[in-house]
Amino acid sequence: MHYSAWRLFKEGLSNHQNWPETWPDASPKRRYDVVIVGGGGHGLATAYYLAKNHGVRNVAVLEKGYIGGGNAGRNTTLIRSNYLWGESSKLYEHSLKLWEGLTQDINYNVMFSQRGIYSLGHSLQEMRDLERRVNANVLSGVDAEIISPADLRDRIPYLNLSSKARYPIMGAAYQARGGTARHDAVVWGFARAAAQYGVDIIQGCEVLDIEREDGVVKGVLTSRGEIKADKVALVVAGHTSVMARKAGVRLPISSHPLQAFVSEPMKPVLDTVVMSNAVHGYISQSDKGDLVIGAGLDPYNGYSQRGSPHIIEHAAQAIIEMFPCFSRVRMNRQWGGIVDVSPDSCPIISKTEVRGLYVNGGWGTGGFKATPGSGHVFAHTIAHDQLHPLAEPFSLARFTSGHLIDEYGAAGVAH
């Protein structure tokens, strides 16, 4: 311990000049066993678990921008597993359990904070829906409970519980193990951990086309040349349908902007996460002190990383309705990401009609919370060319069989 402290002090004085790179800036090789298109959290997690769990280490992660520059750096970092249907709750619970040990697993502090998440109910019907979801969660082994207005008053003293409110609060569903993590730490940690297993992290490498022959994937054509691969995995968030189209695969996905904003920093006032589907808003307070506020989807399809001003205005009104004491807090900055949404508001984790081509997308507003679980089951699917048991309900086959998993009430609105 003494040597480590002295070394940290000495290298701090050297302005970090002697610190090693978090991960090497790799150049593409001519051939890989697996090429992962997309260097966000899901893509990097997939690469990490491929190398660690399955011994597949001749892997490249291709990112057209920089690590953390896409949706991974444009979200509100909520983590929970209290979804309605068993197929969804099992997948997200698998992810939540991985979150609980992720810092130790990848040896990088992802700042996972289990501060709990409250989902508010504003009507008798909403409370019935929340009670149904809580009962389903308990049956699936997921922690969940109904909280009364009296308990909410004790736990969240600044919450507006007046019966004269436009959307009076009648109770909430609560998951104590839910919370937040630091989004950039997650991608940096997975990138470093994957690189330590020999995975090439290649930034500034845009995939222009997916090469295939006789229905079999052969590699990718990129802005940095042709790269051959036995398997290609698409993990590109809002651009999933566009990228799949390059391989002749049509996906039932639509892409929308999703906006969020943060306030000026302040002293700690909110030690949990509060969300409301009815008013399309949710809020938490970061470790830096700023209020992190999310809105609902923009209704139009698009690929821009910005959205309509009225969506932000509506979210701000909703937050002020729930927390009147925040009415004079100034907004600091706003951003938008691109989310891809499937017809049943559930992800697609699947093989495709092109042999050797795999797709992981359609996460809608639930992508960040699924990061480690998504990578874990997708890595299994790629390594074995067979769907992981938790991924089986989320294959493309459900759109022809009719076995959809309607999670819109728990996933499609306001996280």
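**Strand S14 and its surroundings**

Analyst: In this predicted model, Met275 stands opposite Tyr282 in S14. That pair belongs to the contact between strand S13 (residues 273-276) and strand S14 (residues 281-285), which run antiparallel and are joined by 3 bridges. Ser276 is also placed across from a residue of S14, namely Gly281. The hairpin of S13 and S14 has 4 residues between the strands, and in it His280 takes a positive phi near 60°.

The hairpin of S14 and S15 has 5 residues between the strands, with Gly289 at a positive phi near 105°.

These pairings are part of an open sheet of 8 strands with mixed pairing, in the order S5-S6-S4-S13-S14-S15-S12-S16. Strand S5 (145-147) and strand S16 (331-341) are at the edges; each has a single partner strand, so one side of each lacks a neighbour in the sheet. Neighbouring strands are turned by 25° against each other on average, direction ignored. Helix H5 (residues 124-139) packs on this sheet, where it touches strand S4 (117-121), S5 and strand S6 (171-175), and its direction makes about 145° with that of S4.

How many residues of S14 are buried? The count is 5 of the 5, so the strand is largely enclosed by the rest of the structure. In a regular strand the side chains alternate between the two faces of the sheet. In S14 both faces are covered: Gly281, Ile283 and Gln285 are buried on one side, and Tyr282 and Ser284 are buried on the other.

S14 also takes part in a pocket. Together with H7 and S16, S14 is among the elements that each supply at least two residues of the lining of the second largest pocket. That pocket holds about 380 Å³ of space. Its lining has 21 residues, of which Thr77, Arg182, His183, Ser286 and Val292 lie nearest its centre.

The buried residues of H3 are Ser88, Ser89, Leu91, Tyr92, Glu93, His94, Ser95, Leu96 and Trp99. At 1.5 Å a residue, the 15 residues of H3 (residues 86-100) should span 21 Å, which agrees with the 21 Å between its end C-alpha atoms.

Two loop residues elsewhere have a positive phi. Asn107, in the loop between H4 and S4, has a positive phi of about 55° although it is not a glycine. Asn107 has 60% relative accessibility and so counts as exposed. Ala237 is found in the loop between strand S11 (225-234) and helix H8 (240-245). Ala237 is not a glycine either, yet its phi is positive at about 50°. With 31% relative accessibility, Ala237 counts as partly exposed.

Note on methods. Residues numbered from 1 in each chain as written. Predicted model: local features only at pLDDT ≥ 70, side-chain atom pairs only at ≥ 80, totals over all residues. Heavy atoms only, no water. Pairing = 2+ DSSP bridges. Axes fitted to C-alpha atoms, helices over the stretch in contact; angles between N-to-C directions. Contact = heavy atoms within 4.5 Å. Expected span 1.5 Å × (residues − 1). Buried < 20%, exposed > 50% of the residue type's maximum accessible area, 1.4 Å probe, protein only. 1 Å grid on protein atoms, 1.4 Å probe; cavity = no way out; pocket = protein on both sides within 12 Å on 5 of 7 lines; lining within 4 Å. Points joined across faces, edges and corners; volume = space filled by probe spheres on them.
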